[in-house]
Amino acid sequence: MDSLLIKGGVPLHGEVNISGAKNAVLPIMAASLLTSETCIIHGVPDLSDVSFMGEILRSLGAEVARDGDTLTLAATKVRGVGDYDLIRKMRGSICILGPLLGRLRKARVSLPGGCVIGPRPIDLHLKGLKELGAKITIEEGYIRASAPKFCGTDVFLGGRSGPTVLGTSNVMMAAVLAEGVTVIQSAACEPEVVDVAAFLNAMGARINGAGSPTITITGVGQLHGAEHRVIPDRIEAATYAIAAAATRGEVTLQGARPEHLHAVLDKLREAGVKVERRGTALTVRRAGRLRPVDVTTLPYAGFPTDVQAQMMALMTLTPGISIITERIFESRFMHVSELARLGAEIAIEGPSAIVKGGRPLSGAPVMASDLRASAALVIGGLAARGLTQVKRIYHLDRGYERLDDKLRNLGARVERVEET
Ligand code: EPZ
C-alpha cells in the first residue's frame, strides 16, 4: 500500500490540466450497456474507479478497451448478472441496474455496500424503477429485477436530503427504452447528470430538461453507438483551487468549467481568495489574509459535499471561527480527527464542524479514510510545516488522476512511497 510524503510550506505555482469527471464517466460507461453498438468516450481519467467499472462491464460480457484517455466500449452481447464481489465493492456500480433493466428487462446485481460517509441507501433508485414497472426483490445480497412491461410515468425522486445524483441517472437510463413518456420530478441538477443525458441523446435517446429538477424522457425503440467527450472534473478543479489558496500560491486550472463551480468560487472569494477567468482558464491566487466563512453543503448548484473536507482544511488555516455544515451525508467528518493530528482545532456539533482556525499546522502521519477526506489531508500537509505522511492513498487514486505528478509540476515536494 502506498502513502504520500509531503514536505509542506511551498506555495503552489503554475498550471494544472483538469481531467475528465469521475462522476460523469462512471454512469456514462454504464450507459453503453443500453446498445449493442460501439461507444467511444474521450477525456476518460485514469482512475481505479474507472478501471473497476471496466471490469464490471467485462463481467457482464461487454468489451472494454483503453487507448490513452479514450475508452471504446462494446456491449454487443450482455448478461443481466455481474460479478457479485466486483459490484458490491464500488458504490457507483449501482448505475448498471437501470441500463440492464432498460435493455434486457431483467437484471441481478449485488447490493452496493455503504461507505464511511454514510449508509448510502438506494431506496429512491428502486422506487423509480418500480414505478416504471420493474418487479424488484432483494435476495441473498442481490437486487433481482424484472420488467416484462416497462412504461413511462411520473416519478418523484426527492429524498430526505434532496435529490439523488446516481438515482436520477439510473432512472433516466432505464426510461430511455421504456414505452411512452417518463417525467422525473425533483431530479438532481448536477453537471454530471447533464453529461449523462447528453451522451444518451447522442445515442438516439430523447431527453429534455436535464440540469433542471424536471427531466422528460420520451422512450425510443432502441439506441445506437455514440462518441462523447466527458466534462472536466469540477471537484478536482475545486481541490486544486483550494490547495493554491492554502499554500499562498497561484494556480491556473486549464480546462475547468467556471460555470460548474459558482458556489465554490463564491465561497473562495468571500474568504479573500482571488479568482480570475483568463480565456478558458481559471486562475486562483492567494493574496494576503484569509477570512473565515461558513459553508453548508447542498445539492447542486449549492456548495458540493465533495468539497466540504477540502474547504475545512482551508478554514483550519484561517484566523477566526468558521462553521462547516454537512447536509448531504450523515457521517462525512472522518477527516476531522486526522486534521487535528496536524494541529487543527475543530469541534463537531451535530451536522456542523466548528473550526477555530489560524494556528499553524505541523506535519504528522495521518490516515486517509475516504476519497475527499484524503484530499483534505493532502491540502493540510501542503500547508503544514515539516513532513506529513498520508497513508492509504489508494483512496486518492480512486478519484484524482496522477495527483502526486500534478502537484510536483506545481512545485510541491511530494513523493509516493510504499508503506513499510
Ligand atoms: C454521487 O453519489 C457522487 N458519486 C458522490 O461523490 C457525491 O457525494 C453525491 O453524488 C452527492 O453529490 C458518484 O457520482 C459516483 P446521492 P450518489 O444519491 O449518487 C440519499 C465522490 O467523492 N439517498 O445524490 O450515491 C443519500 O444517502 C462521491 O466522488 C437516499 O436516501 O449520492 C445521501 O444522503 C462520494 N436514497 C443523499 O441522498 C437513495 O436511494 C444524496 O445521495 C439515494 C440517495
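Author: Let us begin with Arg 402, which is found in the loop between helix H13 (394–397) and H14. The model is a predicted one.

Reader: What makes the phi of Arg 402 worth noting?

Author: The phi of Arg 402 is near 45°, a positive value in a residue other than glycine.

Reader: Why does Arg 402 count as partly exposed?

Author: Its relative accessibility is 44%. Buried means under 20% and exposed means over 50%, with partly exposed in between. The value for Arg 402 lies in between, and therefore Arg 402 counts as partly exposed.

Reader: Where is Glu 140 placed, and why does Glu 140 count as exposed?

Author: Glu 140 is in the loop between strand S7 (135–139) and strand S8 (142–146). Its relative accessibility is 68%. The cut-off for exposed is over 50%, so Glu 140 counts as exposed. Glu 140 also has a positive phi, of about 50°, although it is not a glycine.

Reader: Which residue just after H9 takes a positive phi?

Author: That residue is Gly 272, with a phi of about 95°.

Reader: Which residues of H9 are buried, and what do they pack against?

Author: The buried residues of H9 are Ala 263, Val 264, Leu 265, Lys 267 and Leu 268. Buried means under 20% relative accessible area. These buried residues pack against H8, strand S15 (273–278), strand S16 (281–286), strand S17 (295–296) and helix H10 (308–316).

Reader: How do you know that the peptide bond from Tyr 300 to Ala 301 is cis?

Author: The omega of this bond is near 20°, and the bond is assigned as cis. Ala 301 is found in the loop between S17 and H10.

Reader: What lines the second largest cavity?

Author: The lining includes both Tyr 300 and Ala 301, together with Gly 302 and Pro 304. Arg 234, Glu 259, His 260, Leu 261, His 262, Ala 263 and Val 264 also line this cavity. Helix H9 (residues 262–270) gives the largest share, three residues. The volume of the second largest cavity is about 50 Å³.

Reader: How is the lining of the second largest cavity divided by class?

Author: There are six nonpolar, three polar and two charged residues. Arg and Glu count as charged, and Arg 234 and Glu 259 are in this lining.

Reader: How many cavities of 30 Å³ or more does a search of the whole structure find?

Author: The search finds two. The largest cavity has a volume of about 60 Å³.

Reader: How is the lining of the largest cavity divided by class?

Author: It has nine nonpolar, one polar and no charged residues.

Reader: What lies in the second largest pocket, and which residues are nearest its centre?

Author: About 340 Å³ of space lies in the second largest pocket. Of the 20 residues that line it, Ala 246, Arg 248, Arg 286, Leu 317 and Ala 383 lie nearest its centre. The lining has 11 nonpolar, four polar and five charged residues.

Reader: Why are strand S9 (154–156) and strand S11 (206–208) said to stand at the edges?

Author: The open sheet of four strands has the order S9-S10-S12-S11, with mixed pairing. S9 and S11 each have a single partner strand, so one side of each is left without a neighbour in the sheet. The twist averages 15° from one strand to the next.

Reader: How do you know that S11 and S12 pair?

Author: Two strands pair if there are at least two bridges between them. Three bridges join S11 to strand S12 (residues 215–218), and the two run antiparallel. In S12, Thr 218 is the bridge partner of Arg 206.

Note on methods:
Residues are numbered from 1 along each chain as its sequence is written. This is a predicted model: local features need pLDDT of at least 70, side-chain atom pairs count only at pLDDT 80 or more; totals for chains, interfaces and linings use all residues. Side-chain values use heavy atoms; hydrogens and water are left out. Axes are lines fitted to C-alpha atoms, for helices over the stretch in contact, and angles run from 0 to 180 degrees between N-to-C directions. On a 1 Å grid over the protein atoms alone, a cavity is a set of points where a 1.4 Å probe fits but cannot get out, and a pocket is an open set with protein on both sides within 12 Å along at least five of seven lines; lining residues have an atom within 4 Å of a point. Grid points are joined across faces, edges and corners, and a volume is the space filled by probe spheres set on the points. Buried means under 20% relative accessible area, exposed over 50%, partly exposed in between (1.4 Å probe, protein chains only). Contact means heavy atoms within 4.5 Å.
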